[in-house]
Each structure stands twice: as C-alpha cells, then as structure tokens.
Amino acid sequence: MDFNSKTAVVTGAARGIGREVARALLERGTNVAILDVLLEDAAGAADELSRFGALARPYRCNVASIEDVAETGGRIAQELGGVSFLVNNAGIVRDRLLLRMTPEDWDAVIKVNLTGAFNCAKVFAPGMLKQREGRIVNISSVIGLMGNAGQANYAASKAGLLGLTKSLAREFAPRGVTVNAVAPGFIETAMTKGLSSEIRAKMIESIPMRRFGAAADVADVVVFLLSDAAAYITGQVVNCDGGMVMAG
Ligand code: NAI
C-alpha cells in the first residue's frame with residue numbers, strides 16, 4: 001500500500017486532528033477528500049494544503065446522514081477515483097452530567113461520532129473489499145476507555161467505535177482490509193481550547209508526560225496504521241495520550 005497517487009477520505013478534516021492527518025497524507029502524495037460540515041473551512045484547508053502537490057478537495061458532508069455520505073461518495077469516486085484509506089475523525093461533544101443531559105444531547109453525539117463512522121464504512125468499504133486492499137482508522141478517545149463524568153454520551157460513542165473497529169476488522173481481514181482505532185488523550189485543538197485554566201491544570205496532572213499532545217502526534221499514529229509498516233495489524237487500539245491510559 002504505497003501512499004502515492006492513492007485516495008483518502010478524512011472526515012472532520014477542516015481543522016484540528018483531521019486537518020493534520022490530511023496534511024500528512026498530502027505530503028506523501030495521497031489525494032485527500034476533506035469532508036466536513038463546515039464547507040468554507042474545508043475549502044480553506046484544501047486551498048492551504050494543496051501546496052503539497054497531491055489533490056486536496058473539500059466536500060460539505062454531514063457524516064451523521066447516510067444520504068449525505070452516499071452522495072459525497074459518488075462525487076469522490078468521479079473526482080478522485082477509488083478510495084483506499086478512510087479516516088473516521090469527525091466528532092463532537094455535548095458535555096453535561098447525566099441528570100442534565102437531554103435525549104437530544106445523547107442522540108447528537110452518538111449520531112456524529114458513532115453512526116457517522118458506520119455510514120462512512122457502509123459507503124467506502126465496499127470499494128476497498130472489491131479491490132482487496134484498504135485501510136480504515138477510527139479516531140476514538142481515552143474517554144472511551146476510561147469514561148468521564150459529564151461525558152456519558154461522548155464516552156459511549158467512543159467506546160462504541162472500538163466495538164465497531166474490532167467487528168469490522170474481523171469481517172474485513174480475509175479481504176485485505178485492516179481496521180484499527182487510535183485513542184488520543186488531551187490534544188491541543190478547538191475541542192480543548194475552551195477549557196478553563198483550572199480544568200487544564202487538573203488534566204495535566206493526570207498525564208504522566210505533563211503536557212497536552214499536538215494534532216500532529218495523532219496524525220503520525222494514523223499514518224503509521226495506514227502504511228505498509230502496519231500491514232499485519234488489525235482490530236487494535238493505539239493510545240496516543242502521553243501515558244494517561246496504560247492498559248495491559
Ligand atoms: P475539532 O472540533 O477541532 O474538529 C472536528 C471537526 O469535525 C470540525 O472541523 C467539525 O466541523 C467536524 N465535524 C463535526 N461534526 C461533523 C459532522 N456531522 N460531519 C462532518 N464533520 C463534522 O476536534 P478535534 O480535537 O480535531 O477532534 C477530532 C477527533 O478526535 C474527534 O473525533 C474527537 O472526538 C477526537 N479526539 C479529540 C481529542 C482532543 O483532545 N482534541 C482527544 C481524543 C479524541
């Protein structure tokens with residue numbers, strides 16, 4: 001699986017971790033479909049990242065909608081060809097303690113974070129299975145492994161992604177398609193920017209490396225899992241968290 005001239009779909013790639021993944025792939029000659037609900041930001045990212053040589057194309061797509069993903073999939077097939085890499089990165093939070101969490105808070109997070117990955121697998125995996133070659137990486141979270149007060153919806157969606165990852169890994173392994181997950185810890189992005197300095201300090205205390213990670217730290221792990229070097233790895237969860245979670 002060479003990166004050069006292949007096509008990747010990265011969801012939620014207008015900014016943050018997804019954008020860094022897109023950049024790392026473009027640097028390696030992979031054409032990237034930048035999917036996001038924020039079309040202007042996706043177009044801005046595609047503009048800036050296209051200086052790396054390969055094609056970066058923005059697509060407005062709400063991954064929570066199977067119709068949207070199917071329609072976008074059709075356009076990508078026409079404009080960028082068959083998809084070899086899928087990175088399910090789009091994610092949102094609606095944090096509240098359970099007593100205050102509304103059914104809408106629950107549904108919104110599950111629909112984007114978990115159903116979104118299912119929708120994208122439904123649309124992009126068939127081509128990979130047919131080619132007998134492909135890689136899927138799902139961006140989970142340490143919160144999916146540990147749980148967190150105020151994040152029942154988010155933790156359930158991210159834990160659900162791990163079950164989806166392992167099930168698809170078993171289904172697709174005989175057809176040459178690997179499926180893995182990355183569980184980032186606290187990463188400097190828009191998602192963590194709004195945290196108060198008090199909460200930040202508390203979080204940093206829980207990280208053995210005593211600092212937040214960068215989006216590029218996560219992108220490096222994703223690129224490894226998409227590469228030939230990871231050809232015999234499937235159904236795994238790789239933590240990228242400065243040592244927060246040490247499972248054994
Ligand atoms: P971010 O908020 O900076 O970027 C997320 C992107 O997803 C945004 O561009 C947003 O517009 C897009 N998006 C949201 N809903 C969408 C939808 N329905 N369809 C398509 N695109 C949509 O977030 P960040 O920090 O870059 O996170 C990326 C992924 O990494 C998320 O899945 C997040 O849960 C996960 N993660 C982030 C951590 C962090 O500390 N930042 C830690 C662990 C996991």
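Analyst: The answers below cover these topics in turn.

User: What should I know about the model before we start?

Analyst: This is a predicted model, in which local features need pLDDT of at least 70, side-chain atom pairs count only at pLDDT 80 or more, and totals for chains, interfaces and linings use all residues. Residues are numbered from 1 along each chain as its sequence is written, and side-chain values use heavy atoms, with hydrogens and water left out.

User: At what angle do H1 and H2 pack?

Analyst: Helix H1 (residues 16-27) packs against helix H2 (residues 39-49) at about 30 degrees, and their axes are 11 Å apart. H1 is therefore roughly parallel to H2 (angles under 35 degrees count as roughly parallel, over 145 as roughly antiparallel, 65 to 115 as roughly perpendicular and the rest as oblique). Axes are lines fitted to C-alpha atoms, for helices over the stretch in contact, and angles run from 0 to 180 degrees between N-to-C directions. Helices (H or I, at least four residues) and strands (E, at least two) are DSSP runs, numbered from the N terminus.

User: And which hand is the crossing of H1 and H2, left or right?

Analyst: The crossing of H1 and H2 is right-handed (left-handed if the near helix is turned anticlockwise from the far one by less than a right angle, right-handed if clockwise). H1 contributes Arg19, Ala22, Arg23 and Leu26 to the contact, and H2 contributes Ala45, Glu48 and Leu49; contact means heavy atoms within 4.5 Å. By class, the contact of H1 with H2 has 4 nonpolar, no polar and 3 charged residues. Here Ala, Val, Leu, Ile, Met, Phe, Trp, Tyr, Cys and Pro count as nonpolar, Asp, Glu, Lys and Arg as charged, and the others, Gly among them, as polar.

User: Now H4. Which residues make its contact with H6?

Analyst: The axes of H4 and helix H6 (residues 152-172) come within 8 Å and cross at roughly 15 degrees. H4 is therefore roughly parallel to H6, and H4 passes H6 in a right-handed crossing. The contact includes Trp106, Ile110, Leu114 and Phe118 of H4, and Tyr154, Leu161, Leu164 and Phe172 of H6. By class, it has 16 nonpolar, 4 polar and 2 charged residues.

User: How far apart are the axes of H3 and H4?

Analyst: The axes of helix H3 (residues 66-80) and helix H4 (residues 103-131) are 9 Å apart, at an angle of about 35 degrees. The crossing of H3 and H4 is right-handed. Ile66, Val69, Ala70, Gly73 and Ile76 in H3 meet Asn119, Cys120, Lys122, Val123 and Phe124 in H4, and by class this contact has 7 nonpolar, 2 polar and 1 charged residues.

User: Turning to the cores, how many residues has the largest nonpolar one?

Analyst: The largest nonpolar core has 35 residues, and those with the most contacts inside it are Val21, Leu25, Val32, Ile34, Val182, Val222 and Leu226. A nonpolar core is a set of buried Ala, Val, Leu, Ile, Met, Phe, Trp, Tyr and Cys residues joined through side-chain atoms within 4.5 Å. Buried means under 20% relative accessible area, exposed over 50%, partly exposed in between (1.4 Å probe, protein chains only).

User: Which elements give two or more residues to this core?

Analyst: They are strand S1 (7-11), H1, strand S2 (31-36), H2, strand S4 (85-88), strand S5 (134-139) and H9. The largest share, 8 residues, comes from H9. Apart from this core lies another, of 28 residues, among them Val69, Leu86, Leu168 and Ala169.

User: Where is Ala215, and what does it touch?

Analyst: Ala215 is in helix H9 (residues 215-226) and is buried, with a relative accessible area of 10%. Leaving aside neighbours within four places in sequence, Ala215 is in contact with Gly16, Ile17, Glu20 and Ile187.
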